[in-house]
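I opened my notebook to look around a new structure with you. Here is what I looked up, entry by entry.

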Amino acid sequence: MTLSIDDIRAAAERLKGHIERTPCRHSRTLSEITGAEVWVKFENLQFTAAYKERGALNTLLQLSDNERGRGVIAASAGNHSQGLAYHAARLGIPVTIVMPRSTPFVKVQQTRAHGAQVVLEGENYDEASGVAMKLCEEKDLAFVHPFNDLKVMAGQGTVALEMFEDVPDLEALPIPIGGGGLIAGCATVAKSLNPRVEIVGVEPAMYPSFTAKMRGVNGTSGGATIAEGIAVKQVGELSYAIARPLIDEVLLIEEPHFERAVALYCNVEKTVVEGAGAASLAALLAYPTKFKGKKVGLIVTGGNIDTRLLASVLTRELVRDQRLVSLRIIGDDRPGLLATVSAVIGQMGANIIEVAHNRLALDVPAKGAEFDIMIETRDAQHTQEIMDALRERGYPPRAV
């Protein structure tokens with residue numbers, strides 16, 4: 001079983017008029033930050049905010065009348081389910097989606113809103129997939145796999161087809177790997193059009209399924225990654241067989257780089273991106289020398305991130321940049337102490353977010369008081385200037 005660029009071109013013809021032809025734009029700021037020439041493909045602008053619509057719809061359009069009548073089922077952590085549910089509803093096809101219990105609420109809600117019957121079972125994708133296969137047999141439904149299917153891979157490959165139409169001289173494509181469907185399709189296109197293009201897989205360090213299979217070992221997968229869309233314990237056998245010969249390297253990414261990438265897309269590109277959707281940019285942040293000076297295409301694979309998680313990620317980025325800092329100050333417990341400290345902070349142009357006053361800590365003198373003051377500053381240098389000013393006034397702080 002093989003996948004060719006002709007299969008992907010045929011998929012592109014089927015999808016015309018049914019999905020968004022998303023833009024691929026140069027990012028001057030991200031280029032300056034990473035040292036690469038960065039081009040961003042905004043698949044979060046699809047109606048369901050993810051590229052997964054492509055593979056799902058390409059599969060649905062090739063179902064027989066009998067299969068359409070019986071209905072379809074899939075297991076998904078979110079984006080495949082939304083794409084399948086949306087287009088199945090458009091085509092009048094009944095759809096059931098099995099989602100892991102840990103799936104972000106926003107994805108569950110949106111999938112139901114598209115008319116799908118949602119079954120929440122399993123702790124992860126693999127367990128949910130087992131439940132879906134069982135239901136598929138019991139109810140005689142057509143199973144639409146999120147990645148281990150040639151029709152799905154062909155649909156996902158249309159992302160790269162559009163990228164090379166817009167930017168023919170791309171030199172490197174860092175592509176997220178979950179089950180392997182996206183990288184199989186996109187690598188097929190890229191290597192067919194230009195064999196010198198570098199294909200780099202990107203996996204969460206917590207879920208190195210593709211890397212483990214490459215090395216012939218049983219890798220340990222698990223943990224709470226924000227890139228849950230690619231948190232797959234076992235890569236697809238078919239997608240692996242197609243993608244592996246086309247991949248030059250696979251990089252493992254730690255959580256702070258995913259978080260920073262999400263924050264950069266929000267602050268620089270003014271676009272909302274989920275953890276898995278930010279994986280390609282995270283690779284540039286984690287391995288800058290590998291991509292420096294190259295013309296790199298980044299795929300924003302999706303934007304379905306829980307709003308509380310997004311708020312947390314953006315706040316944590318302020319802490320990393322030392323723009324949000326908690327300072328601990330110990331002084332005499334006398335009237336006016338907090339007012340004096342506050343005045344210094346205000347004069348230095350910082351904003352006080354929160355104050356915690358503790359008189360009972362045993363490491364504080366009985367006649368003393370301890371303050372934890374959270375402040376918002378311009379940057380790390382501004383924070384240091386405030387700490388120096390407090391120290392000069394006799395209130396030496398320490399960051400906590």
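**Entry 1: the whole chain**

I began with contacts between residues at least 6 apart in sequence, and 72% of those in the protein chain join residues at least 24 apart. I noted that this is a predicted model. Next I counted elements: the protein chain has 17 helices and 14 strands. I then looked up the box that the C-alpha atoms fill, and along the principal axes it is roughly 80 × 50 × 40 Å. Of the 400 residues in the protein chain, 55% are buried. The accessible surface of the protein chain comes to about 17,300 Å², and carbon and sulfur atoms account for 49% of it.

In what order do the four strands of the open sheet stand? I read the order as 5-4-3-6, with parallel pairing. Strand 5 (117-120) and strand 6 (142-143) are at the edges with a single partner strand each, so one side of each has no neighbour in the sheet. I reminded myself that strands of a sheet pair through backbone hydrogen bonds, either parallel or antiparallel.

Then I looked at one pair inside this sheet. Strand 3 (residues 72-75) and strand 4 (residues 95-99) run parallel and are joined by four bridges.

Which strands does helix 6 touch? Helix 6 (residues 105-113) packs on the sheet and touches strand 4 and strand 5. Its direction makes about 150° with that of strand 5. Helix 7 (residues 125-139) lies across strand 3, strand 4, strand 5 and strand 6, and I found it running at about 165° to strand 3.

I followed the chain into the loop between helix 7 and strand 6, where Asp140 has its place. Asp140 is not a glycine, yet its phi is positive, about 55°. I also checked its cover: Asp140 has a relative accessible area of 45%, so it is partly exposed.

Helix 1 (residues 5-15) packs with helix 9 (residues 181-193) at an angle of about 115°, and their axes are 9 Å apart. The crossing of helix 1 and helix 9 is left-handed. Which residues make the contact? From helix 1 I listed Ile5, Ile8 and Arg9, and from helix 9 Gly185, Thr188, Val189, Ser192 and Leu193. Sorted by class, the contact of helix 1 with helix 9 has four nonpolar, three polar and one charged residues.

**Entry 2: an enclosed strand**

Why is strand 10 described as largely enclosed? Six of the six residues of strand 10 (residues 295-300) are buried, so the rest of the structure largely encloses it. I checked both faces of strand 10: Lys295, Gly297 and Ile299 are buried on one side, and Val296, Leu298 and Val300 are buried on the other. Strand 2 (residues 37-42) runs parallel to strand 10, and six bridges join the two. In this pair, I saw Trp39 opposite Gly297 of strand 10.

**Entry 3: the loop between helix 12 and helix 13**

Val273 is in the loop between helix 12 (255-268) and helix 13 (279-286). Is Val273 buried or exposed? Its relative accessible area is 0%, so Val273 is buried. Leaving out residues up to four places away in sequence, I found that Val273 touches Asn44, Val262, Tyr265, Ala278, Val300, Gly302, Gly303 and Ile305.

Lys270 has 65% relative accessibility, so it counts as exposed. Its phi is near 55°, a positive value in a residue other than glycine.

**Entry 4: two more residues**

His87 lies in helix 5 (residues 79-91). It is buried, with a relative accessible area of 0%. Beyond residues up to four places away in sequence, His87 touches His18, Ile19, Glu53, Leu57 and Leu60.

My last stop was Gly222, in the loop between helix 10 (209-215) and helix 11 (237-243). Gly222 counts as partly exposed at 34% relative accessibility. Not counting residues up to four places away in sequence, it touches Met206 and Tyr207.

Technical notes
Residues numbered from 1 in each chain as written. Predicted model: local features only at pLDDT ≥ 70, side-chain atom pairs only at ≥ 80, totals over all residues. Heavy atoms only, no water. Pairing = 2+ DSSP bridges. Contact = heavy atoms within 4.5 Å. Axes fitted to C-alpha atoms, helices over the stretch in contact; angles between N-to-C directions. Left-handed = near helix turned anticlockwise from the far one by under 90°. Nonpolar A, V, L, I, M, F, W, Y, C, P; charged D, E, K, R; others polar. Buried < 20%, exposed > 50% of the residue type's maximum accessible area, 1.4 Å probe, protein only. Areas by Shrake-Rupley, 256 points an atom, 1.4 Å probe, with all protein chains shown as cover.
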